[in-house]
Amino acid sequence: EIIWCMILLTVLSVITSVIPAYVSSRNKPIDIIKGEARHNDKSILGKVFIGFQAATSIICISVASALWLQTKKMIDTPLGYNTEDVVYISGLPLDMSSELESLACIERLGFINHVPVDGGGDMSSRLIGSERVIFNVMTCDTTAISILGIENIQQFKGELTDFDILITKGSEELLKAQCLSENLSEEHLKTYYSGVVNDIKFGNHIASTEGMIGLQIFNKWNGNYLVKVIDDPHDAVEQIREYLEKIDLSETFGEDFEPDLQVEILKDMVEKSYRKEKTSLALIGIFTLLCMMLTAMAIIALSSHHSQLNRHD
C-alpha cells in the first residue's frame, strides 16, 4: 500500500508539473507582453481539469453502478432455502416454544442451532474407508427444515430421528467420489446418512462455507428458534420482541441477568451479511458525488471566466 501511494503521488506530481509547463511553453513572448498568456493558460488548464474531472466522474459512476447491481443480484440470488416470512429468534435461556406458539403472528415454530447465513454451526465426521470425512452441519428439527423450504430429494429410512444426518446433493457427489476411490459401494453411504436434500449455502455468495454440508436432526429445543410468521414479517418481529421483553427472568437467573435477545427476519440477515460491500458502495457514492460537484463548479468557473473575457474584449 505504501508503494502504491508513492507511485500515485509521483504520477500526480509529474502530471501537475508537466501539464502547466507544457501549456506555458506554447505561449509566444508577444502574448506574455500583452497579458493574453494568462487568459489562455486559464482557459486551457480549466478545460484539462474539467476533462479530468468528467472522466473521473464517469469512472466512479460506472464502478458504483456495477457494484450496486452486483450486490443486489447477490442478495436476490437464492441460497437454496426460503428467507421470506421467516424469523430467527436467539438468546433465550429457556425453552419458550409453547409461549411463542401462542402468539397470533406465528404460524409454525421449529428448533435450530444456527441459521445457514451464519455459516453453519457444528462439525460432524464419518470414517469412509481409510479417510475421515468432516461435515459442517446445521442442527435443527424437521419443522425448521420445512419452514426453510429445503426439499428432501431422497430419504433412506421411514421416519427421521434425532442425530440423523441429511446431506446436500453436492456433498453426496463428493462422497460417491470418495467411495469410488476407496473401492466401496455407493450403498455403503446409506449407513452414514439418512437422506439427500437440495444444495444450500452456508454463509452468503461471497463467504460461503466449503466442504461437506449436512443437516443434523434434533427434534428438541437446542437453543434457538425459527418461526414462520403470518402477514407482515416486520410487524411480527415487533410483536415477538415486545412479548419476550416483558417476560421476567430475574427469579430464575438473578436481577442482573439481561438476555442477548435477537429477533430478526432471515432475509434482513442475508442483506446484512453484505455489510462490507454496502460500505464500499457508500464510500464510492460519496466520492462520485464530490467529483460531480467539483466538475459542475469547474464548468461554472470556466464559463464565468469566458464571459468576463468576452465582455472585456
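User: Is W221 buried, exposed or partly exposed?

Analyst: In this predicted model, W221 has a relative accessibility of 26% and therefore counts as partly exposed, whereas Y225, at 0%, counts as buried.

User: How is a pair of aromatic rings described?

Analyst: A pair of aromatic rings is described by the distance of the centres and the angle of the planes. The structure holds four aromatic pairs. One of them joins F163 and F218, whose ring centres lie 5.5 Å apart with the planes at 50 degrees, so this pair is tilted.

User: Which parts of the chain does the pair of F163 and F218 tie together?

Analyst: F163 belongs to the loop between β5 (152-155) and β6 (165-168), and F218 to the loop between β8 (212-217) and β9 (224-229), so the pair ties together parts that are 55 residues apart in sequence. F163 counts as exposed because its relative accessibility is 53%, while F218, at 19%, counts as buried, since the cut-off for that class is under 20%.

User: What is the geometry of the rings of W221 and Y225?

Analyst: The centres of these two rings, W221 and Y225, are 6.4 Å apart and their planes are at 25 degrees, so the pair is stacked. Ring pairs also link W221 and Y225 with F111 into a cluster.

User: Which residue lies over the face of F218?

Analyst: That residue is K220, which lies at 5.8 Å from the ring centre of F218.

Methods:
Residues are numbered from 1 along each chain as its sequence is written. This is a predicted model: local features need pLDDT of at least 70, side-chain atom pairs count only at pLDDT 80 or more; totals for chains, interfaces and linings use all residues. Side-chain values use heavy atoms; hydrogens and water are left out. Rings of Phe, Tyr and Trp (its six-membered ring) pair if their centres lie within 6.5 Å; planes under 30 degrees apart count as stacked, over 60 as edge-to-face and the rest as tilted. Helices (H or I, at least four residues) and strands (E, at least two) are DSSP runs, numbered from the N terminus. Buried means under 20% relative accessible area, exposed over 50%, partly exposed in between (1.4 Å probe, protein chains only). A charge sits over a ring if NZ of Lys or CZ of Arg is within 6 Å of the ring centre and within 35 degrees of the ring normal.
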